[in-house]
Amino acid sequence: MATLSETKTAGQGELHRAIDWKGAFWVASGVPALVLFSIGGIAGTVGIPAFAVWAISMCMGFIQSFTYAEIAGLFPSKSGGASVYGAAAWVRYSKFIAPLSVWCNWFAWTPVLSLGTAIAAGYILDLMEPAPTAEAVQAMIAQATAAGQTMDAAAATAALMPIHNWSLFTANVGGLVNVSINWTFFIGAILMLLAFAIQHRGILGTAKVQTVVGLVIVITLLIVGVIPFFNGNFNSANFTPFVPLAVPYAPEPGSWNTAGWTLVLGGMFIAAWSTYGFETAICYTSEFKNPDTDTFKAIFYSGLLCLLLFILVPITFQGYLGLTGMLDPGIVAGTGVASAMAMMVGGGHFIHTLFVFLMIASLILIIITAMAGSSRTLYQGSVDGWLPRYLSGVNHNGAPTNAMWTDLVFNMILLSFASSDATAYYFILAVSNCGYIIFNFLNLNSGWIHRIDNGHVRRPYKAPTLILAAGTVLSFVNAAFMGAGAKVWNPIALWCGLIMAALIIPVFCFRHYVQDKGKFPPRMLEDLGITDSGKMERKAGILPYLTLVAGVAVVLITNWIFTL
């Protein structure tokens, strides 16, 4: 009997079956670098329990991945990730809930491009213009005093770092965040274009690049995670007292009261954006040579890698820095992480510079990972009739270039915000993560919906029922994280995230009712053997609707109970 890979070849305008699970594994190998995005922010918000937040969050993500692996196996002809596979379950019950899954997954993943390039640009700026020494600052102050001017240390430092402080344009938007066109923006834009050029070669070319860079970064993170245990740079006293902070970014210990739990839940909320991200390994189902076996292996082995690194690195990071070190502004902002890691392994100037270059490489790695996954979500969303038609365009290499251009332009706008300050950075991160939690909720529940409605469809991998049920429970736990914890990062992050999610309504209405005249493309559910979307049986009855109501209730109740 012929396999799918033997009988189906890519036609014009389609993605190419060019990789196996190892290729997807290396494309997804950038995910562990996501620890660099928020390790400082979570430590500065939660305090000493931060290492436990990372470990618990990663274990939750690994449990959830088995549901994603099952539903991905139902759709060997689709790419775009779990949101696309989950949308096929919800479309029977609501035309508008299904595209919400795809939309939320996209706007959760795509900011990795702007946030990652902002951090990488900060590293590059530090190489171009290192921070002045104390002697240089004092000399500048003395020079100003001799000229009859008053200058403090902060003003002297700024004067000695003109590249860092130059800005073509700066403005405040609605009193919420700042927007800035500065050197961080321009360097970040160049890095995004580099990621675009690598992606333009198609998934096989991307996988080859990611294999080389990914191997270097994984080894680097393993070294950082292991060496401190043997060179005396690990202090077990840095893990007590096991209580959250009294207030964010201040070293005073708090207690396990409502405010303390709110901070911890805020840490769990933002950690999910990083630790759950390895599900991107199943974004490439229609590009696998043998999706029957490659799909499960890709997400399972990616999960094992993340399980190791997301637990190990935060533990050694905290064991070296301690609470005071983790609250350093450079650590919180992310730009001081490379220096800390170099000191963890006992390196001098050369090792420090080497780690800076490795951190830049790791950020480029996750940027490529994010563009590969998010552009395929847009592509498949367009093919399935959720998003505008132009997004389904691909080039001769099988790369979804129209979706990639959309990612690029959108992130250029976000980069102007992320380039301004850490407040804008974490605001973008929190809003995007609201989308990720919504996607997570819908897709973990799509597992049991598919079991009921599509139980007859062949599954190359079937998750144990207990694990599937655990994923369903965790979907509500994640909803609680969002309701309770989003406010920790910005008072209106939750509401902005919900507004951003609601923007899918006009987008979907344009595609479905204007472009497609109220009918879905015939191939949307072809993998399930359904050719007429209007004749889909709803075997789950009212259960999906009750699930949605319960999810909304969890968000609202936890938002009301947990306060700072």
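**Exercise 1. Decide whether Tyr249 is buried, partly exposed or exposed, and say where Tyr249 sits.**

Solution. Start with the number: Tyr249 has a relative accessible area of 39%. Now bring in the cut-offs: buried means under 20%, exposed means over 50%, and partly exposed is in between. So Tyr249 comes out as partly exposed. Keep in mind that you're working with a predicted model here. As for the place, Tyr249 belongs to the loop between H12 and H13. One more thing to spot is its backbone: phi of Tyr249 is positive, about 65 degrees, although Tyr249 is not a glycine.

**Exercise 2. Check whether the length of helix H19 fits its number of residues.**

Solution. First, get the count: H19 covers residues 422-453, which is 32 residues. Second, work out the expected span, using 1.5 Å times one less than the number of residues. That gives 46 Å. Third, compare: the end C-alpha atoms of H19 are 46 Å apart, so the two values agree.

H19 bends by about 30 degrees at Gly447. And H19 is mostly covered, with 29 of its 32 residues buried.

**Exercise 3. Work out which parts of the chain the salt bridge between Glu70 and Arg451 ties together.**

Solution. Begin with the contact itself: the side chains of Glu70 and Arg451 meet at 2.8 Å, N to O. The cut-off for a salt bridge is within 4 Å, so this pair passes.

Then check the cover. Glu70 is buried, with a relative accessible area of 1%. Arg451 is buried too, at 18%.

**Exercise 4. Find out whether Asp516 and Arg389, which form a salt bridge, are buried or partly exposed.**

Solution. The N to O distance for Asp516 and Arg389 is 2.8 Å. Asp516 sits in the loop between helix H22 (504-515) and helix H23 (543-561), while Arg389 sits in the loop between helix H17 (349-383) and helix H18 (401-418), and 127 residues separate them. Asp516 has 12% relative accessibility, so Asp516 counts as buried. Arg389 has 42%, so Arg389 counts as partly exposed. Altogether the structure holds six salt bridges.

Compare Lys517, in the loop between H22 and H23. Lys517 counts as exposed, at 65% relative accessibility. Its phi is positive, near 55 degrees, in a residue other than glycine.

**Exercise 5. Name the residues of the nonpolar surface patch and look at two of them.**

Solution. The patch of about 450 Å² is made by Phe96, Ile505, Phe510, Tyr513 and Val514. Take Phe96: you'll find it in the loop between helix H5 (82-90) and helix H6 (97-109). Phe96 is partly exposed, at 33%. Now take Tyr513, which is found in helix H22. Tyr513 is partly exposed as well, at 40%. Among the residues that Tyr513 touches is Phe96.

**Exercise 6. Describe the surroundings of Leu494.**

Solution. Leu494 lies in helix H21 (residues 493-502). With 3% relative accessibility, Leu494 counts as buried. Leaving out residues up to four places away in sequence, Leu494 touches Cys434, Met482, Gly483, Ala486, Val555 and Asn559. Pick Val555 from these: Leu494 and Val555 are 61 residues apart in sequence, and their C-alpha atoms are 9.6 Å apart in space.

Technical notes. Residues numbered from 1 in each chain as written. Predicted model: local features only at pLDDT ≥ 70, side-chain atom pairs only at ≥ 80, totals over all residues. Heavy atoms only, no water. Helix = DSSP H or I, 4+ residues; strand = E, 2+ residues; numbered from the N terminus. Bend = angle between axes of the 7 residues up to and from the residue. Buried < 20%, exposed > 50% of the residue type's maximum accessible area, 1.4 Å probe, protein only. Patch = residues over 30% accessible without salt bridge, like charges linked within 9 Å, V, L, I, M, F, W, Y side chains within 5 Å. Areas by Shrake-Rupley, 256 points an atom, 1.4 Å probe, with all protein chains shown as cover. Contact = heavy atoms within 4.5 Å.
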